[in-house]
Amino acid sequence: MGRGKIVIRRIDNSTSRQVTFSKRRNGLLKKAKELAILCDAEVGVIIFSSTQKLYDYASTSIKSITERYIKAKEEHQQLVNPTSELKEAAMLRQQLQHLQENHRQMMGEELSGLSVKDLQNLENQLEMSLRGVRMKKDQVLIDEIQELNQKGNLLHNENVELYKKVNLIRQENMELYKKVYGARDVNGTNRDAFTNGLSIGEDSHVPIHLHLCQPRQQNYETPARATKLGRLQLQ
């Protein structure tokens, strides 16, 4: 007695469903492997179970097969429906022409075919654009000013700290100067007093005055005159 025909529908019993899935999955993977070997075909099989478990087989690699499949699918779609690509290209071309025309009008070119209403709308657009540019410029300037003020405050604080350090170093130098040169002045005074005591004698407080004077000229005529006066008195 032959096997009865199996109705292809979802198996309600979970155990029977899992057993059937395991058997048919192994059979499918086996057939795919045999097909790749016998017919020299590039075969790839990807299976997800009801529990989201992955099973796959690839004669080369799953990545290369999927990339090849996507590329072939795109090429086939372009061949089957070329009018959609042409429509999209025409639409993009029209949008580009419209943008170029608006740009030229914004630059003040090709205004001859515009009505008063169109010119008014163009003027309003330019004013809005100019207002936005000015607001952005003002904001950038404000940010730069604030940044410069912050840098200036930092530099001022650094200058104050440096000024304090310089004053501290100056005070330390003055104290060191007093310590060094003050002791030297005291030693110099004692040494001068000792020297004056040796040169003057007992009275060390008597001042010494030295003067420079011209040497006196000797008078050689004085003895002769005295001799003559002596002779006159004797006579």
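This is a short tour of a few side chains in a predicted model, to be followed with the structure open in a viewer.

Begin by selecting Ser49, which you will find in the loop that runs between strand β1 (44-48) and strand β2 (54-58). With a relative accessible area of 7%, Ser49 is buried, because a residue counts as buried when that value is under 20%. Now show the side chain of Thr51 as well, and you can see that the side chains of Ser49 and Thr51 make a polar contact at 2.9 Å.

Keep Tyr55 on screen and select Arg25 next. The charged end of Arg25 sits over the ring of Tyr55, at 4.2 Å from the centre of that ring.

From there, move to helix α4, which covers residues 116-200, and select Tyr177 together with Tyr181; both lie in this helix, four residues apart, which is about one turn of the helix. The structure holds two aromatic pairs, and Tyr177 with Tyr181 forms an aromatic pair that is tilted, with 4.3 Å from centre to centre and 35° between the planes.

Are these two tyrosines buried, partly exposed or exposed? Tyr177 has a relative accessible area of 47% and is therefore partly exposed, while Tyr181, at 34% relative accessibility, also counts as partly exposed, because both values fall between the 20% and 50% cut-offs.

Methods: Residues are numbered from 1 along each chain as its sequence is written. This is a predicted model: local features need pLDDT of at least 70, side-chain atom pairs count only at pLDDT 80 or more; totals for chains, interfaces and linings use all residues. Side-chain values use heavy atoms; hydrogens and water are left out. Rings of Phe, Tyr and Trp (its six-membered ring) pair if their centres lie within 6.5 Å; planes under 30 degrees apart count as stacked, over 60 as edge-to-face and the rest as tilted. Helices (H or I, at least four residues) and strands (E, at least two) are DSSP runs, numbered from the N terminus. Buried means under 20% relative accessible area, exposed over 50%, partly exposed in between (1.4 Å probe, protein chains only). A charge sits over a ring if NZ of Lys or CZ of Arg is within 6 Å of the ring centre and within 35 degrees of the ring normal. A polar contact is a pair of N or O atoms within 3.5 Å; within protein, one must be able to donate a hydrogen and the other to accept it, and residues adjacent in sequence count only if both atoms are side-chain atoms.
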